[in-house]
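Me: I would like to learn how to read the strands and helices of a model, one feature at a time. Could you take me through the general idea and then the case at hand?

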Amino acid sequence: MLRSGLPDFLLPLTLLVLLTGCGQVQPGQPVDVPDSAPAQTAVTFPLHVESGKRYLVDAAGKPFLLNGDAPWTLIAQLTSEEAEQYLEDRRRKGINAVLVNLLEHHYADHPPRNVYGEAPFTTPGDLATPNEAYFTHADHVIRKAAEKGMLVLLAPAYVGYNGGDQGWYRELVANGASKVYDFGRYVGNRYKGFNNILWVQGGDYDVPDKDIVRAMANGIASVDHKPQTYHGSRGTAAMAFWGTGEPWLTVNDIYTDENTVVGAAFGEYARSSAPFFLIEARYEGTNHANEQTVRMQAYQAILSGASGQTMGNNPLWEFRSGWREKLSSGGSRSLWIFSRFFNQLSWWKLQPDLSNTTLTDGIGSGADRAVAARASDGSFAVAYLPGIRNIAIDMSRLAGPKVNVQWVDPRSGAKSAALGSPFPASGTTTLRPGGKNSSGYGDWLLLLESTS
């Protein structure tokens, strides 16, 4: 959508004057996301994996940048009307995927019953007795997500932290592999016509009994061929845990804390060419995590080789008191900019700067690690700085012959050219943001584009 000849991405944004040759920017107020402007690019479900491509591809052959939220209790905790309110808000903020439990065991108000009092099984804990009323409501929520162009990362039976009472691991073991397989076939048959699903096995646990999870995954795969991944314990990547010999496991993921995103991503990028995404890291509103934490994790992930990311917010993921106010958190508004920024680039061309040959100085470590990625044809590069510092860029890594350099505010999306840009595509250039961004934090994006 265009207004006055400028993209919505730049309206009504203003970035003040560059003050030095490094490109200093004055801080201002964060710009509100325009609620009237959907931020998403069109997607044609279902998604699939193509050999040699490190990202998911939609049915029209377009790369899919996964920009997700984690409303785990969406199906069980909200009414149909509330679920639609949530999904519409996320759509307007550029969120195109949601991580959801099909069955709730702990976090809803009356688990495993949904808000209407309907249990998933007519005999408690017996996977052979699905309750039609419960799954009809789940159908409605997933269908609404599809209408809004949103992928549902659907956990068929979240196993729970350490296999405890947060999830269904004990019930799965008690039912046995055969009944678990049959339940997998049940949900696979029920949802094979829902094209907007990516199945998420496991859940916060590196299960000791892999045959139980394998039975669920294979039951689904026997009737439904949509992609599947695995959600293990924090610090575990799906294919690091399972290996690459599981036919059902077609999509990889990483699950980190705020300090380990880059290391985990680099490791999985090197492991295989399977697409992977950041399925979880630190949630906004927990352990002192804020909107800058959300941005940092998102940009570190994609610039380190991931094909997307999923954020979370407390208390939004449980839909506890005050959840509506958290719909407009700084983290969620920042991800509108994340979506706009990358979807205006050929982001799928990006290759992570594994050997620090593009970003050569000012890198840092842990949560403070600056990262960069360069397009495979040298047409552009992107760097993200978690905090203000001097950084050095080897301009010869760009195709050139000139390189336009812009600072981008990750909270407002406003761009401003670095003084002296364009630079020759040769030698090393030192750059430094001169102040905080529009939300008062020190993180910045740097966009470098080859030009003649």
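Reply: Let us begin with pairing: two strands pair if DSSP finds at least two bridges between them. Please keep in mind throughout that this is a predicted model. Here Leu154 stands opposite Trp199 in β8, and strand β7 (residues 151–155) pairs with β8 in the parallel sense over three bridges.

Me: Which strand pairs with β8 over four bridges, and in which sense?

Reply: In general, the strands of a sheet pair through backbone hydrogen bonds, and they do so either parallel or antiparallel. In this model the strand is β9 (residues 228–231), which pairs with β8 in the parallel sense over four bridges, and within β9 the bridge partner of Val200 is Thr229.

Me: What kind of unit do β8, helix α6 and β9 make?

Reply: Together β8, helix α6 (residues 210–221) and β9 form a β-α-β unit that is right-handed.

Me: How many of the residues of β8 are buried?

Reply: Strand β8, which spans residues 197–202, is mostly covered, with six of its six residues buried.

Me: Is Ser178 buried or exposed, and why?

Reply: A residue counts as exposed when its relative accessible area is over 50%. Ser178 is exposed because its relative accessible area is 53%. Its place is in helix α5 (residues 177–191), and the C-alpha atom of Ser178 is separated by 9.1 Å from that of Met216, although the two residues are 38 apart along the chain.

Me: How do α3 and α5 pack, and at what angle?

Reply: Angles under 35 degrees count as roughly parallel, over 145 as roughly antiparallel, and 65 to 115 as roughly perpendicular, while the rest count as oblique. Helix α3 (residues 132–147) packs with α5 at an angle of about 45°, the axes being 12 Å apart, and the two helices are therefore oblique to each other. Their crossing is right-handed, and the contact includes Phe135 and Ile142 of α3, together with Phe183 and Tyr186 of α5.

Me: What is the order of the open sheet of three strands, and which are its edge strands?

Reply: The order is β14-β17-β21, with antiparallel pairing. The edge strands are β14 (359–361) and β21 (428–431), each of which pairs on one side only, and the twist from one strand to the next averages 35°. As for β14 and strand β17 (residues 391–394), they run antiparallel and are joined by two bridges, and in β17 the bridge partner of Asp361 is Ala392.

Methods. Residues are numbered from 1 along each chain as its sequence is written. This is a predicted model: local features need pLDDT of at least 70, side-chain atom pairs count only at pLDDT 80 or more; totals for chains, interfaces and linings use all residues. Side-chain values use heavy atoms; hydrogens and water are left out. Buried means under 20% relative accessible area, exposed over 50%, partly exposed in between (1.4 Å probe, protein chains only). A crossover is right-handed if, with the strands pointing away from the viewer, the path from the first strand over the helix to the second runs clockwise. Axes are lines fitted to C-alpha atoms, for helices over the stretch in contact, and angles run from 0 to 180 degrees between N-to-C directions. A crossing is left-handed if the near helix is turned anticlockwise from the far one by less than a right angle, and right-handed if clockwise. Contact means heavy atoms within 4.5 Å.
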